[in-house]
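Subject: Structure handover

Dear colleague,

Here is the structure you asked about, followed by notes on what was found in it. Please read the notes with the structure open beside them.

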Amino acid sequence: MAGEPGALSVSPVVTTSVVGQTGLQFTVTVRDAFGNAITAGEHKNITVSASVSGATLVSGTQTRSSNAGVATFNSLVLSGSTSNTITVSFAVTFNRLSDGQATTVTSSGTLVTLTPGAPSQLVIDSTSQTQLNRSTLSQVAVRMLDSFGNQTVSQSGSINAVIGSGSGATLVGTTSSAFASGATTPAVITFSNLALQGTVGTYRIDFNFSGAGVSSVSHTVTLTPGAATRLSLDTSASGARAGLIFTQQPRLSLRDIDNNLVPVNASISATSVTTLTGTTLSEIVDGYATFSNLAFESNASAKTLSYRVTAPAQ
């Protein structure tokens, strides 16, 4: 007759499983110190327990009473990262006949492999950025993961980028891209030429999968004015009388190609073929250059005002 438990012999039947699903199978034989299977006596139906390193044992029968020294595990479910080194080991605990002391015998760990589950979510490598109007956004990489955060592979379909909130701008560039094919190709799409053009402000760009059952992800862009392309006469001078300041003083600003106010550090000068008095150079403050005391010296018929940026030169 075999003696007390001294070793566990593990026979892996299936060592690969989809994360979060059943699939792993092990047969564990309880043996004495001499390698004999314990098929009779008080330890023939001893309870064998399973434990995991590198992942989480989330469900399944984790303890089994051996039947004539043999315990079968076929319902273990693990969660965790598919990139981890994961081992499953087994143990039995019994009281020694010699002194009644509790003793545990543990098997060596068996390596197992977890593969990604079904795709359930999109994640993004960055959540926000600030860019000039019409400039190319910093590239955004969108990955498709399973519900446990593992990178999925070999996916079909596409990811589409759309403006989810914010108004006045248009999203341009390659806004839809398909996953690359390949049995081991990670499901990652990089958007490298997107741009927003239009009114400055805060915009949320949503990235959506073309199929069902996968949550979307968002990226926030703060759009700021682009380079100044023109000088805008926002308020014209009026009410000119010889020797008296205009009743309505001119106000100007610099604008980008989409008419956004460009608050640069610059000055604007006013000139006229008619003698112009007053302060003819106005500094841009909070985006605007506002003149305060311009006047024509005489009642000459030509009363055209001209403006130009003088510092810096444009």
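Two strands are taken as paired if DSSP finds at least two bridges between them. The model is a predicted one.

On that basis, strands β22, β23 and β27 form an open sheet of 3 strands in the order β22-β23-β27, and the pairing is antiparallel. The edges are held by β22 (230-235) and β27 (288-290); each has a single partner strand, so one side of each is left without a neighbour in the sheet. On average, neighbouring strands in this sheet are turned by 25 degrees against each other, direction ignored. Strand β23 covers residues 251-255 and pairs with β27 over 3 bridges in the antiparallel sense.

- With β6 (residues 63-65), β4 pairs over 3 bridges. Thr47 stands opposite Ser65 of β6.
- With β9 (residues 86-95), β4 pairs over 6 bridges. Ala50 stands opposite Phe90 of β9.

The chain as a whole

The chain contains 29 strands and 0 helices. Its radius of gyration is 38 Å, well over the 20 Å that the globule rule gives for 314 residues, so the chain is more spread out than a compact globule. The C-alpha trace spans about 130 × 45 × 25 Å along its principal axes. Of the 314 residues, 35% are buried. The chain exposes about 15400 Å², and carbon and sulfur atoms supply 47% of that area. Taking contacts between residues at least 6 apart in sequence, 61% join residues at least 24 apart.

Aromatic rings

There are 6 aromatic pairs. In one of them, the ring centres of Phe291 and Tyr307 are 6.1 Å apart and the planes are at 45 degrees, so the pair counts as tilted. Phe291 is in the loop between β27 and β28 (295-296), and Tyr307 is in strand β29 (residues 305-311); the pair links distant parts of the chain, 16 residues apart. Phe291 and Tyr307 are both buried. Ring pairs also link Phe26, Phe73 and Phe90 into a cluster.

Is His43 buried or exposed? His43 is buried, because its relative accessible area is 9% and the cut-off for buried is under 20%. His43 lies in the loop between β3 (25-32) and β4. Apart from neighbours within four places in sequence, His43 is in contact with Glu4, Pro5, Ile38, Ser66 and Phe94.

Ala68 is a residue other than glycine with a positive phi, near 55 degrees. Ala68 sits in the loop between β6 and β7 (70-73), and counts as partly exposed at 30% relative accessibility.

Arg134 is likewise a residue other than glycine with a positive phi, near 70 degrees. Arg134 belongs to the loop between β13 (128-132) and β14 (140-146). With 39% relative accessibility, Arg134 counts as partly exposed.

Regards

How values were computed. Residues numbered from 1 in each chain as written. Predicted model: local features only at pLDDT ≥ 70, side-chain atom pairs only at ≥ 80, totals over all residues. Heavy atoms only, no water. Helix = DSSP H or I, 4+ residues; strand = E, 2+ residues; numbered from the N terminus. Axes fitted to C-alpha atoms, helices over the stretch in contact; angles between N-to-C directions. Rg over C-alpha atoms; globule rule 2.2 N^0.38 Å. Buried < 20%, exposed > 50% of the residue type's maximum accessible area, 1.4 Å probe, protein only. Contact = heavy atoms within 4.5 Å. Areas by Shrake-Rupley, 256 points an atom, 1.4 Å probe, with all protein chains shown as cover. Phe/Tyr/Trp six-rings, centres within 6.5 Å; stacked < 30°, edge-to-face > 60°.
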